Amino acid sequence: MASAPPSQGKGFLFDIKVLELADQRGEFCGKLMAGAGADVVKVEPPGGNPTRRIGPFYQDREDPERSLYFWHYNHGKRGITLDVRRPEGQELLRELVPRFDVVIETFPAGYLEGLGIGYAVLSALNPRLVMASITPFGQSGPRRDWKSSDLVSLALGGVMMNCGYDPMPDGEYDTPPIAPQMWHASHITCNQTNIAIAAALLSREQTGKGQYIDAPMHQAIAANTEQDVPAFVYTRNTFYRQTGKHAGPAAYPTSVQTVTKDGRYVHTSPGAGHGPELLVELLIKHGLGTGLDAPKFQDVEYLRRPEVASFTSNLMRQWVASYKFDKDLWKEGQDVGYHWAPIRRPEENPDDPHWQARKTFSEVYHEDIDRMLTHVGAPWVAEECPWREGPRAPHLGEHNHELFVKELGLPQARFEDLKKGGVI
Amino acid sequence: MPFAIENVRITDCTWMLAGAGGPRFMAGLGAEDIRVEWRERLDFMRTASPTVIPLGEDAEKVRGGESIPIPKRQSVNQGGSFAENNPGKRGISLNLRTDKGKELFKELVSISDIVIESFTAHTMGRLGLGYEELRKVNPTIIYIQSCGFGKTGLYSNFASTGPTAQAMSGLTEQSGLPAPYPPAGWGYSYLDWSGAYFNASLMLYALYYRARTGKGQYVDAAQTEVGINLTGTALLDYAANGRSWKRTGNRSPYVPAAPHGAYRCEGKDRWIAISVYDDEEWRALTGVLGDPAWTKQERFAALGSRVTLQDELDSLLEQETVRWDPFGLMEQLQQAGVAAGVCQNAQDRLERDPQLQHLGFHVELPNSNVGTWRVKDFPIHLSDTPAHSGGTLNRGFPCYGEDNDYVYGTLLGIDEVQRAKLAESNII
């Protein structure tokens with residue numbers, strides 16, 4: 001049973017039905033569409049989707065019904081089982097497809113085609129179908145069949161060479177490039193695939209026809225980094241990665257991380273277009289240093305001299321270091337116009353009254369463990385089309401009867417046979 | 001082939017990447033995007049872009065394969081990041097602080113489908129150009145407001161760029177080697193792209209909703225909230241298990257894998273990422289390495305044991321990889337069935353990646369000031385309505401005010417004499 005109450009308003013995609021045959025490469029796609037109001041039905045093999053084996057697990061007990069990974073990425077979906085390898089399963093999928101607008105799949109390139117349920121077959125059954133295939137390298141090309149992982153995708157795509165720690169003074173690195181955790185290769189790809197799916201749905205409004213979407217993770221990620229590609233295109237220079245800040249054509253020494261008394265960090269970058277005079281304003285406001293009211297401290301050129309910049313910066317750093325992280329000194333930086341922020345752990349956000357006011361998080365009841373858990377909720381505030389909260393991720397095959405018998409209209413006897421035969 | 005959304009017009013009041021990125025995708029999908037700018041408050045990517053597009057002799061050098069220092073900026077139509085963030089868009093100049101300017105803006109909104117802006121939360125409202133005002137001139141307008149922390153809530157006066165949002169959301173803290181290392185964070189504005197993806201999806205979703213119901217709407221989007229949406233599993237781990245986030249570098253904390261990391265190779269700052277999930281892949285890896293003696297130790301044979309011995313395993317493995325050319329090793333490992341990839345830099349992706357070349361990583365787009373240069377294309381391939389970063393114009397970024405004649409003349413019907421007067425009086 002779905003536990004969260006249905007939202008009052010309709011979502012953006014209120015009349016869209018999605019069939020998702022996806023592992024970790026595509027589940028975020030379906031999750032976002034479910035939040036935006038679509039009816040997303042997750043199709044798992046009868047033995048359970050491999051993503052049910054991804055941790056962490058509830059109370060650290062490994063179990064297909066206790067994967068917190070699965071709970072998060074399949075939030076808001078219904079769940080059925082169907083073995084696509086079996087002819088009866090393929091037949092069942094062909095019966096389902098005319099009732100859906102979108103299919104999202106993450107099988108290896110060409111796999112569904114080989115089973116007789118590729119786009120050509122499915123679109124003949126439902127010409128309005130939008131089908132998106134997410135694969136590590138795309139449906140064609142010399143590396144189509146190469147293997148990947150979140151880490152390897154972030155390496156090849158260039159993310160890692162932008163992220164990491166400062167080089168040594170000689171410009172050499174004694175630390176590896178870093179792949180930010182967790183699952184961003186999938187986030188990056190799913191986000192862009194969502195754009196393509198939504199565009200295809202809009203195009204369908206005009207033409208009445210669906211289309212096929214080939215979503216190569218490698219290209220999606222390669223297009224995600226920011227200034228390194230234009231810098232190479234326009235000057236043929238490659239970048240240095242640096243601790244906690246933008247990679248650049250040269251390593252520069254100023255840290256944008258300032259440590260607090262309890263060993264946490266405040267992000268103390270001024271932000272684009274904000275000058276050093278604002279730092280002086282902040283220092284004076286908090287009674288730090290002496291003589292800062294002298295006119296030269298209003299002179300931006302003077303303030304930019306390395307020894308002066310270092311003097312004012314040290315005053316700020318000592319001040320931040322004399323308080324604990326929860327003093328929230330970042331707000332003082334914001335008050336003078338700087339783009340400061342606390343470097344928070346993810347779990348430190350739900351208590352912030354700002355996010356509470358925006359309903360960024362939602363409490364979801366999990367009846368099987370009889371507990372409310374805090375989930376990420378709406379990524380935006382939209383009164384007309386509120387984010388759909390819940391239901392919690394489906395148990396394995398939870399909606400088989402609902403979907404196959406009540407909605408598709410299979411006779412009970414055939415449903416039982418499919419179950420007994422291990423097709424669903 | 002047709003574009004997906006050729007019949008859509010966007011009044012684009014965004015800047016930087018977080019703002020400009022969403023409409024970039026829309027232009028690539030076929031929308032007519034009109035970027036509204038005023039010379040006294042230009043996008044930093046025009047005036048302070050970290051990369052400047054070379055002209056003349058400099059440009060010839062770069063095209064000939066030579067590296068050059070960042071060129072001196074001669075105009076606002078030379079920003080490398082601006083070019084990357086705004087291909088396929090039209091550009092107009094408009095002074096929104098004047099009454100006539102506001103009037104023209106409303107005229108443009110009245111013939112648009114979407115307004116998107118990324119100023120600080122109260123800017124457009126203070127100008128008298130907030131959603132409530134604009135829906136009076138266009139009842140079905142879709143208004144997307146996108147700022148760092150959002151308009152609703154306590155932090156609407158706070159400002160943010162990508163790194164700010166990354167810091168607060170938790171993404172910065174999640175990235176890097178275990179303490180006592182500080183967080184490594186992201187070496188670019190990841191949440192600018194992520195915010196742009198969400199904004200593009202939002203615009204398309206809202207267009208879809210309007211197509212089905214006839215209704216426009218206002219959406220209050222926040223870049224930091226997008227970041228929070230990418231931290232879900234860690235949040236649940238805390239909610240369910242009380243566990244705080246701890247960094248694990250490049251390891252695989254939630255799917256058993258070892259080795260799993262980036263290993264140094266031959267050459268300056270060269271690394272290869274390797275993910276080994278089972279014992280068969282492990283044997284394939286050691287086979288490619290020529291089965292060095294240490295790999296035959298019984299304690300490395302099983303995955304579970306390798307996971308617990310990762311510190312030692314990583315340092316032994318790196319003593320092997322450091323003797324390899326990273327690309328050669330990658331080829332061999334992939335042939336043997338191991339997930340492996342070079343940590344590629346921009347040059348690698350642009351010049352020595354046959355897969356990206358096959359897929360069409362970048363396109364050549366012309367601009368009236370800097371000529372034709374490469375820009376990243378939309379990486380997802382639609383079979384019937386393919387996207388193209390140059391949009392319907394097949395053009396790169398707009399120069400400042402480049403499309404004033406088209407927008408004010410052709411679209412709004414203001415004649416040449418009137419347009420000249422508007423320009424003289426600092427309105428356009």
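The C-alpha atom of B:Arg251, 247 residues away along the chain, is separated from that of B:Ala4 by 40 Å.

Four of the five residues of E1(B) are buried, so this strand is largely enclosed by the rest of the structure. E1(B) pairs in the parallel sense with strand E2 (residues 32-37) of chain B over four bridges, pairing being assigned if DSSP finds at least two bridges between two strands. B:Arg9 has B:Glu32 of E2(B) as its bridge partner.

## Basis of the model

This is a predicted model, in which local features need pLDDT of at least 70 and side-chain atom pairs count only at pLDDT 80 or more, whereas totals for chains, interfaces and linings use all residues. Residues are numbered from 1 along each chain as its sequence is written, while chains are lettered from A and ligands numbered from 1 in the order in which they are written.

## Helix packing around H10(B)

The axes of helix H1 (residues 16-28) of chain B and H10(B) come within 7 Å and cross at roughly 40°; axes are lines fitted to C-alpha atoms, for helices over the stretch in contact, and angles run from 0 to 180 degrees between N-to-C directions. H1(B) and H10(B) are therefore oblique to each other, given that angles under 35 degrees count as roughly parallel, over 145 as roughly antiparallel, 65 to 115 as roughly perpendicular and the rest as oblique. H1(B) passes H10(B) in a right-handed crossing, meaning that the near helix is turned clockwise from the far one by less than a right angle, with anticlockwise for left-handed. Residues making this contact include B:Gly21 and B:Phe25 of H1(B) and B:Trp193 and B:Ala196 of H10(B).

Helix H8 (residues 184-207) of chain A also packs against H10(B), the axes coming within 9 Å and crossing at roughly 20°. H8(A) and H10(B) are therefore roughly parallel to each other, and the crossing is left-handed.

## Contact between the chains

In total, 130 residues of chain B are in contact with 126 residues of chain A. Helix H10 (residues 190-213) of chain B supplies the largest share of chain B's side, 16 residues. Strand E15 (residues 380-381) of chain A and strand E6 (residues 217-222) of chain B run antiparallel and are joined by two bridges, with B:Asp220 in E6(B) as the bridge partner of A:Val381.

## Chain A overall

Chain A has 17 helices and 15 strands, and 55% of its 424 residues count as buried. Its C-alpha atoms fill a box of roughly 90 × 50 × 45 Å along the principal axes.

Methods:
Two residues are in contact if their C-beta atoms, placed from the backbone, lie within 7 Å. A residue is buried if 20 or more other C-beta atoms lie within 10 Å of its own, exposed if 12 or fewer, and partly exposed in between; C-beta atoms are placed from the backbone.
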